[in-house]
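Here is a short briefing on one protein chain. Look at the sequence and the model, then read on.

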Amino acid sequence: MFLPEQYLHKPVFFLTFPTKYQKNCNIKMMEIKEITHPNEQDCQNLQILLATLSESCSFSIESLTQMLQNKNNRLYGLYDQDQLVGCCCLGIYHSLTGKKACLEDVVVRTDYQGKGGGRMLVSHATEEAKKEGVKQMLFTSKPSRVRANHLYQNMNFEKKDTNVYIKKW
C-alpha cells in the first residue's frame, strides 16, 4: 500500500470489518494516523468531511498547517487504505481547574458510519489525552446527531449539565 511520506509511521488503531461485497475471508482494514503535514488533497478531503457538520466550514492549507504547528493541537485521520474516511481534532489546554482537552470535529463519512470508525477516533483521542496528563475531555454534539450521541453515551461519556454559548465575529 502506497502512502504519502507524512503518513509513514506506525498506525495506532486498526479495525477490520467485512464489506457487503466481500466474503468473510476478505477483510477491509481501517486505521488511525495523526496528520502532521497536510497537503492540498488532505485539506480538500477534510473540508468534504466537515461539510457534514457545518455548511460554513472553510479553511486553507495554510491555516490548517498553522493550527497543527501548535503542539497542543492534534488532527487524527481515519483511513480505509489510503482514503480519508473520518477525522477528529484534539486540543489540549490549561485552565485554573487543571489540564483539559477538547475534542472537536469528530466526523465519519456517511457510508462508513456504524462500522466502528467513530469509536476508534474517540478512543484514540481519549488515550492520547490521558498520555498528556489530561484529567477530563470536553466536547459538544448536536442533539440531531443521534448515532454520535448514542456512541458517546455507550463510551461512558457523561452529559454535562451546562449551557453552551457562542459568539462569532
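In the protein chain, 58% of contacts (heavy atoms within 4.5 Å) between residues at least 6 apart in sequence join residues at least 24 apart. This is a predicted model: local features need pLDDT of at least 70, side-chain atom pairs count only at pLDDT 80 or more, and totals for chains, interfaces and linings use all residues. Residues are numbered from 1 along each chain as its sequence is written, and side-chain values use heavy atoms, with hydrogens and water left out.

**Fold**
- The chain has four helices and six strands. These are DSSP runs numbered from the N terminus: helices are H or I with at least four residues, strands are E with at least two.
- Their order from the N terminus is β-β-α-α-β-β-β-α-β-α.

**Helix α3**
- Helix α3 covers residues 117-131.
- Buried residues in α3 include Met-120, Leu-121, Val-122 and His-124.
- Just after α3, Gly-133 has a positive phi of about 85 degrees.

**Second largest pocket**
- α4 gives the largest share of the lining of the second largest pocket, seven residues. A pocket is an open set of points on a 1 Å grid where a 1.4 Å probe fits, with protein on both sides within 12 Å along at least five of seven lines; lining residues have an atom within 4 Å of a point.
- Gln-113, Gly-114, Arg-145, Arg-147 and Ala-148 lie nearest the centre of this pocket.

Key:
The expected span of a helix is 1.5 Å times one less than its number of residues. Buried means under 20% relative accessible area, exposed over 50%, partly exposed in between (1.4 Å probe, protein chains only).
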